[in-house]
Amino acid sequence: MPRPSRSSIEYLLSDLNAPQRTAVEHTDGPLLVLAGPGSGKTRVITRRAVHLALTVSRPERILAITFTNKAAREMRERIDATGIGEGMTVCTFHALCARLLRIHHERAGVDRSFTIVDRDDRRKLLKEAVVAVGLPTEQWRPAAIEPDISNAKNAMRSASDYSNAAYDWRTRTIAQIYGAYEHLLTRTACLDFDDLLMRVAILLREDVELRERLEERYTHVLVDEYQDTNAAQYQIVRLLTLDRSNLCVTGDPDQSIYRWRGADIGNILSFERDYPNADVIRLEQNYRSTKRILAAADALIAHNVSRKIKSLWTDNAQGPKVSVVEHESSVEEAQSVAAEIRSRIEAGTDAGEIAVFYRVNSLSRGIEEALMRAGIAYTVARGLEFYNRKEIKDVLAYLRILMNPADEVALLRIINTPPRGIGATTVKRLIERAIVEGRRLMDILTDNRDLSFLGRGAAKVRGFGELILSLAPVLQSPPGQAVERVVSESGLRAMYAEVPGSIGESDRTPLANINELASAATEFQDEFPDATVVDWLEHTALLGDADTMLGELRAVTLMTLHSAKGLEFEEVHIVGVEDGILPFRREEEEADEEEERRLCFVGMTRAKQRLTLSHARYRMLRGRTERKVRSPFLDELPEDAVESIRQGAVCKSSAPVPDRGRLPDDVALWENGTLVRHPLHGMGKIVSLEPGARRTQVRVLFQDGDTRSMILEFAPLERVDFYEYDEG
DNA sequence: AATATTCCCGTTTTT
DNA sequence: CGGGAATATT
């Protein structure tokens, strides 16, 4: 370990302001860092970790916990860059818990080979639980009960706790389902995301010896985004720092936007009560936004009551006023945003520095259409991501079943994928047999016993059992090779080789995705040479959506206000700032006004230079045009930082948007082989053309060798003549 | 077993 | 309006 040299510590502190420096140099006892947006929080937390490692502790004895993989990775990289991070534990809550449960599975009472199930699988199991309890799944939809059970777990309430506290018909029924669900999880040796936290919280509470051992190991614990911790996470943190209290939490109550997921803003608000001798440091200088943007955001959030007062300030320029724009309709709003973006790009702003935020995903469609028409490249950061793709889940299911033979969800997923003639009836018989004999489904398949009760299906099932047995050794090989073998020997590769790939914006074929998964596994094994398949599976299970979406494309980014947290852009447009949308309100329900205000605050503070909030008088929602009223939040913004505009002004002053939303007149002449030019991809040739009701899907082979599919009505394609093509 | 059709439902989603 | 899932159809 390098000695704490004077120069390296000087270096750590050199570019920090006074409160940042105090936070970094603080070494003993509880510390709360209230960090406003853009105040250099990540810098502080990483420097602090390194500083501790250099002075009063050692890297191996420091634990830094984040919420997202992205944050963990970022912190890890920054720490590594100092050369002093080796051996430090930097990970997400969930990764930490998964690791602890894997190591201490016996004490925790979980199967050593447990599988971590994602939301889809959880819903499948929930559905099965509803059926098991004998209730109709239409009335007790898994998606509707899921939050109840998830919240219960986040609050560390077991099925029996829940049952005891049940107060009406609905909660009593859910208690039953919860019980059945837990039973299923145990039988299939699965844990959901919430279990990871709850189990560890309980383990630490009950197992004093283990708790003491862990606290002994980690002299200092750092927790990022503390405002988003739930009860289980609170317990874990608390129990890890019970004696020493060397706990540093950073966060911002004003950016707590996950209450609906169990986050308890009270955890950060009452930190000083929980840790009476806590020091509190406020990071109030903002390095991101202009004075006006900050003033507007600050005035908005000042309307909240449950918060800790901060006085945000910045040395940055005054900047242009924040625009509040009223439009007649949502269509005009979208067009106006597109026009504004276009002129900003023409003026030299990098498209990747521009973002459009909205409260609900359904608002993205209109924006997308307008951007398409204007020929502006964009990406939508949406929920459906890589690891949720069917083909990916198929591959992973094979590995899961090899690791955890009790994993019925995985087994049922692949028993007939690729199709091997094992139909619904056969599966049903197998399940019945498993229940009757009280054995695992998998054992019946692989025990090589009499399968004659299956009739015609017997041979197929036996074949499948043999396939699984023959694949078993891949668990011993490195992840990359394991994936490779599974993909080829299961027949998945052959199966997906024939699928042409989904039509739509994504040009990735399932096969390409599978290959990418294989290379991801190989990369993983290169990075961690000792890693097993089990390690890699765990890694993938804990990898979220947000991790894959961050493409470094030079495109305008569209995303929800929630996913905007932690990011920053030169120019931000927030659309649909209307009562009922932001703040969001459901019928018969009250809006959580303070949380919605925080959400708006988060969105506004993402902007560095320019910020526009817009609303429309009429908006098409769920196929109906609704009358909309501007959000009350808009009236909370200070007049001197804001400029209110009625739709006309902006639209007229900016250049008209070229309307590409129509087919070219000579579309009848467009056919396979037609030569085209695309502003981004250059010359190409149409290789397929499928007219649809509203859209004509074309695939174009470009000169760079790539084939891309696009919508003829919207794509900025130009027809070119043969001789031009030769020259180009 | 794969495809067509109808029906239902509708926030946000770090892991 | 549009996606997903459950059902109907060949």
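Colleague: How many helices and strands does chain A have?
Modeller: This is a predicted model, in which local features need pLDDT of at least 70, side-chain atom pairs count only at pLDDT 80 or more, and totals for chains, interfaces and linings use all residues; side-chain values use heavy atoms, with hydrogens and water left out. Residues are numbered from 1 along each chain as its sequence is written, while chains are lettered from A and ligands numbered from 1 in the order in which they are written. Helices (H or I, at least four residues) and strands (E, at least two) are DSSP runs numbered from the N terminus. Chain A has 32 helices and 23 strands.

Colleague: What share of the residues of chain A count as buried?
Modeller: Buried means under 20% relative accessible area, exposed over 50%, and partly exposed in between (1.4 Å probe, protein chains only). Chain A has 728 residues, and the share that counts as buried is 52%.

Colleague: What share of the contacts in chain A with a separation of 6 or more comes from residues 24 or more positions apart?
Modeller: A contact is a pair of heavy atoms within 4.5 Å. Among contacts in chain A with a separation of 6 or more, the share from residues 24 or more positions apart is 75%.

Colleague: Is D252 buried or exposed?
Modeller: D252 is in the loop between β7 (247–251) and α14 (266–269). Beyond four places in sequence, its contacts include A35, G36, P37, Q227, I268 and F601. Because its relative accessibility is 2%, D252 counts as buried.

Colleague: Which side chain makes a polar contact with the side chain of D252?
Modeller: A polar contact is a pair of N or O atoms within 3.5 Å; within protein, one must be able to donate a hydrogen and the other to accept it, and residues adjacent in sequence count only if both atoms are side-chain atoms. For the side chain of D252, at 2.7 Å, the partner is the side chain of K310.

Colleague: Which elements do the buried residues of α16 pack against?
Modeller: Helix α16 covers residues 291–301, and its buried residues are R292, I293, L294, A296, A297, L300 and I301. They pack against β9 (285–286), β10 (313–314), β11 (322–329), α30 (593–604) and β16 (607–621).

Colleague: How many residues apart are E225 and K41, whose side chains meet in a salt bridge?
Modeller: A salt bridge is a side-chain nitrogen of Lys or Arg within 4 Å of a carboxyl oxygen of Asp or Glu, and E225 and K41 meet in one at 3.4 Å, N to O. The pair links distant parts of the chain, with E225 in the loop between β6 (220–223) and α13 (231–240), K41 in helix α3 (residues 41–54), and a separation of 184 residues.
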